[in-house]
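Q: Hey, can we go through this structure together? I'd like to ask a few quick things.
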Amino acid sequence: MKISYNWLKEYVDICLSPQELADRLTNVGLVVADIQPVEDDFCLDIEVTSNRPDCLGIIGVAREVAAAVGGSLHFPETNVVSAHADIFKFINVSVEEPILCPRYTAKVVRHITVAPSPEWMQKRLTCIGLRPVNNIVDVTNYVMMETGQPLHAFDLDRLAEQKIIVRKARIGEEIVAINGARRALFHDMLVIADGRRPVAIAGVMGGAETEVSNSTRNIFLECAEFEQRQVRRTSRALGISSDSSYRFERGIDPEGIDHASQRAVWLINDCAGGEISGGTINISERHETRKITLRMERLHKVLGVEIKRDVAIDILKKLQCNILNNVDKFIDLEVPSFRGDISREIDLIEEVARIYGYNNIPTKTSIDVRGSTKNKVEIVEDTIRQFLIGLGFYEVKTFSIVDTSPLQSVNLWSDKGGIDIANPLRQEESRLRTSLLPSLINTKRYNMHHGTEQIKIFEIAKVYLAGNKLPHEKNCLSILADTDYLTLKGIFESSLVNLGILSECEWITFSEPRLFRDERAARIQMDGMTVGYFGEASQELGFKTLSCLLEVDLDVLIEKSNFIKKYQNLPQYPTVYRDLAVIVNEETPWSSIEKCITDTKIAFLKEVNFFDVYRGKQIPAGKKSIAFNLCFQSPDRTLRSEEVDIELQAIVDSLQRILNVELRKT
Amino acid sequence: MSDKLEEVKRNLQDETKTIITRKDAEQLKIKYLGRKGIVNDLMKLIPALPTEKRAAFGQQVNFLKIEITDIIEEFIKRVSSEAIPKVKTEIFDITLPGKRPLIGKKHPLTQTIDDIKEVFARLGFDVVYGPEVELEYYNFEALNIPSDHPSRTDFDTFYIRDDVLLRSQTSTVQIRIMERQKPPIRIIAPGRVYRPDTVDARHSFMFHQVEGLLVDEGVSFADLKGVLNQFIKTYFGQNIQMRLRPSFFPFTEPSAEVDISCSICGGKGCSVCSYSGWVEILGAGMVDPNVFKAVHYDAEKYTGFAFGMGVERITMLKYGISDIRLFYENDMRFLSQF
């Protein structure tokens with residue numbers, strides 16, 4: 001809300017510079033975002049929070065200034081001198097929706113002269129960014145800015161059948177608003193209608209057909225209260241907002257309506273002449289005053305400082321609360337009508353604290369000592385991050401909301417589609433992602449285009465899978481690394497060891513051509529459960545490097561991780577090593593060889609370590625040679641060479657029998 | 001017996017000093033390790049020992065044998081290389097740069113979240129998480145933001161369905177925690193939040209917040225100031241000042257915006273702080289009784305405070321980053337700086 005410094009000074013005595021004033025206002029919660037000199041005046045742009053509609057008028061700001069700084073208040077003149085014919089001769093007003101329009105007042109001014117408004121008024125309106133129109137419109141704007149109460153002037157002669165009806169819109173009705181917007185109205189919207197049609201959208205905007213023009217002679221001046229939510233709903237549904245709707249949405253001072261109405265006709269009379277009709281059409285629901293009790297003990301408890309009763313009462317009086325009863329530990333009071341935001345004791349506590357000064361409340365640390373422990377999610381994520389950055393990986397963060405391209409539609413974890421956003425900003429960001437890998441691929445591309453060819457990146461974030469009421473948010477770890485297949489696979493395997501996960505992984509052939517190179521991808525299974533997907537990046541992705549992709553279900557890793565460690569005695573007896581190389585068919589995977597060996601269940605066999613695969617001159621076509629190392633150990637004695645040889649022979653026999661391997665001389 | 005072994009070792013060390021040629025070394029090897037050498041002589045002593053000592057002594061002799069072998073082999077190697085005088089064709093350049101392994105980095109936002117978590121962990125706050133796709137109730141009603149209320153304008157939100165949305169604030173986690181836990185509560189909740197803001201240098205439709213909540217008997221606004229002051233001094237520096245301004249959040253009452261003295265200009269005024277000397281860093285306040293009502297807490301018995309801060313904003317302030325989009329572009333030249 002923009003205010004004029006000179007205008008403000010008319011209502012409150014202050015001897016502060018605009019900057020000093022801004023600082024004082026900021027300290028009580030009216031943040032002054034900007035101060036601009038305008039001719040011999042200053043425009044202060046005040047950020048008014050949505051709970052303080054009373055400060056959407058300059059008088060309201062003046063009240064705050066008086067409470068915060070001191071200085072007496074002066075309210076503007078509103079005496080109306082003359083009274084002519086009875087208002088009911090000119091108009092008949094009825095309110096069909098008293099809940100949506102709790103109070104409706106109107107005045108009629110006849111025989112006015114529409115002309116530019118006086119220079120002083122134009123100057124003030126211009127200072128706060130309003131465009132002067134004519135003396136009638138300018139007065140309604142001026143009074144709204146002064147009091148916070150919106151008003152609307154109709155051209156009386158254009159109101160059909162001399163009627164004003166506050167009612168709901170009828171099906172098929174439409175209106176062209178003052179700003180030129182044509183809108184179809186819906187039956188739940190509140191309108192001001194004449195005998196034939198809607199002439200204004202209640203509280204939002206008047207209609208173009210009945211607006212005040214240069215030829216207007218007689219006006220009908222509306223000053224009312226419309227229900228907040230109704231105004232907000234209508235304004236949003238029609239896409240029309242105005243200074244008026246902004247104020248009604250937040251709530252106006254129900255007791256300020258008569259004052260604003262009188263003030264406006266007085267100014268109209270002053271600027272445009274005319275005869276003011278006697279009497280006011282005043283259809284009203286009674287407003288109850290709010291009485292609240294403030295307990296001194298509660299004030300102390302919430303703020304943590306003992307504010308003396310006299311001080312509290314002084315503050316509340318400055319805020320124009322009416323102190324009813326002031327005994328010992330309680331203050332009973334009545335809240336002024338313009339402070340609709342104060343309805344509870346806690347609201348009063350805030351008011352006292354605000355004017356007392358937040359910075360005058362002590363800084364205490366009387367809370368008790370308490371230990372906190374890291375949860376498993378944090379431990380696992382930290383462990384993975386430390387491990388990967390130690391290997392030269394960069395952590396990235398990419399958006400959870402993505403486009404609907406085929407790449408971004410990759411869904412490794414669910415058969416169902418992704419979750420769409422009903423009100424996206426742009427089509428490029430309209431769906432919650434189902435995989436992190438497409439975003440990592442885009443990050444790789446971005447860096448390629450900016451001169452970084454080699455990249456090793458990872459992200460820890462959620463994917464969003466269709467669920468019941470709420471989606472299933474799965475924590476994932478995804479990696480994109482410019483390495484060969486076995487290098488990244490090894491990094492993943494080591495990271496499992498680092499998390500204390502002992503379960504073995506199975507690597508099962510998998511195909512997702514949008515991500516992975518054909519025949520070089522795997523679904524990773526652990527204890528019968530899918531934990532991730534891994535493979536060489538598809539050549540279609542256009543990378544110039546050999547890259548690998550991994551996406552793992554982090555929730556499973558968190559569940560299976562184990563950081564409890566127990567010391568194992570070091571082996572007392574030496575390990576015996578034997579190397580073997582076998583020639584097998586191309587189709588035979590290492591996992592079959594390994595399984596065949598471990599299935600022999602030889603007690604002394606501790607480890608089987610692959611070290612080489614060879615294809616070449618000495619190996620027949622369609623075959624490959626696989627070399628590995630076997631470790632034998634006994635917990636209670638030194639193994640003799642001959643007994644290891646017997647075990648080794650058993651392994652070779654088994655390999656020959658089951659996999660038809662051929663032993664290669666090493 | 002082990003004295004004897006020690007003596008053998010000492011003698012050997014003396015004798016190695018006389019080694020000049022390879023031949024000298026070979027002779028020494030025969031003397032100690034040969035078939036009729038000193039070590040074998042020691043072995044011969046074993047059968048004469050009491051049964052229970054044989055094994056231990058045997059082991060000791062074996063160790064000695066290995067040790068002697070190593071020492072003599074080392075000398076053989078040394079004298080053989082010295083014996084052939086080399087022509088110095090190349091000079092080892094000790095100034096060549098080392099082979100540096102790549103240094104990986106945590107994302108700067110993760111670093112900030114970790115730092116915030118650490119400060120609050122020391123003050124006894126546990127880290128908790130909540131869903132990002134939320135029921136409207138947790139994002140609004142339970143936080144005292146009724147529908148059609150003008151304060152909703154401050155919280156424009158992405159919707160999935162009528163009553164399901166992307167949380168626009170991490171305050172949702174307050175409710176989820178209080179629903180399943182009784183006081184005392186002391187938590188922080190970091191996470192992603194979403195608002196339909198058009199992306200520019202200062203806005204992003206996705207960003208990170210850290211929410212904090214402390215509820216107990218006898219918690220006051222002064223305690224809120226105390227905890228936030230601790231955080232600010234630890235995180236930003238002991239010389240940083242804190243200022244609170246009244247503000248409005250539907251879920252706290254009284255509410256405050258918290259500013260810190262500008263670390264760039266030291267409070268004198270610069271472009272970062274818009275020449276005010278202060279920068280806004282978080283919002284806070286005492287938990288509104290209506291929020292306690294929503295989670296069935298006795299608002300007379302318990303009081304508490306909540307606070308929320310934007311991770312991007314704090315990170316930008318700390319490093320002097322002027323464009324929020326840099327965090328999500330993930331340019332290696334950006335990430336490598338932190």
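Q: How do the residues lining the second largest pocket divide into nonpolar, polar and charged?
A: They split into 21 nonpolar, eleven polar and 16 charged. Here Ala, Val, Leu, Ile, Met, Phe, Trp, Tyr, Cys and Pro count as nonpolar, Asp, Glu, Lys and Arg as charged, and the others, Gly among them, as polar. Before we go on: this is a predicted model, where local features need pLDDT of at least 70, side-chain atom pairs count only at pLDDT 80 or more, and totals for chains, interfaces and linings use all residues. Residues are numbered from 1 along each chain as its sequence is written, chains are lettered from A and ligands numbered from 1 in the order in which they are written, and side-chain values use heavy atoms, with hydrogens and water left out.

Q: What volume does that second largest pocket have?
A: About 2200 Å³. Of its 48 lining residues, the closest to the centre are A:Lys489, A:Glu493, A:Trp507, A:Trp590 and A:Glu594.

Q: What counts as a pocket, or a cavity?
A: On a 1 Å grid over the protein atoms alone, a cavity is a set of points where a 1.4 Å probe fits but cannot get out, while a pocket is an open set with protein on both sides within 12 Å along at least five of seven lines. Lining residues have an atom within 4 Å of a point. Points are joined across faces, edges and corners, and a volume is the space filled by probe spheres set on them.

Q: Which element gives the most to the lining of the second largest pocket?
A: α14(A), with nine residues. Helices (H or I, at least four residues) and strands (E, at least two) are DSSP runs, numbered from the N terminus.

Q: New topic: how many residues of chain A are in contact with chain B?
A: 82 residues of chain A touch 91 of chain B, with contact meaning heavy atoms within 4.5 Å.

Q: And which three residues supply more of the area chain A buries than any other three?
A: A:Tyr358, A:Tyr394 and A:Lys397, with 11% of the area that chain A buries against chain B. Buried area is the accessible area (1.4 Å probe) that two parts lose on being put together, summed over both.

Q: How many cavities of 30 Å³ or more are there?
A: Four. The largest has a volume of about 120 Å³, and the residues closest to its centre are A:Thr49, A:Asn51, A:Arg52, A:Arg354 and B:Ser247.

Q: What about the second largest cavity, what volume does it have?
A: About 80 Å³. Its lining has eight nonpolar, two polar and two charged residues.
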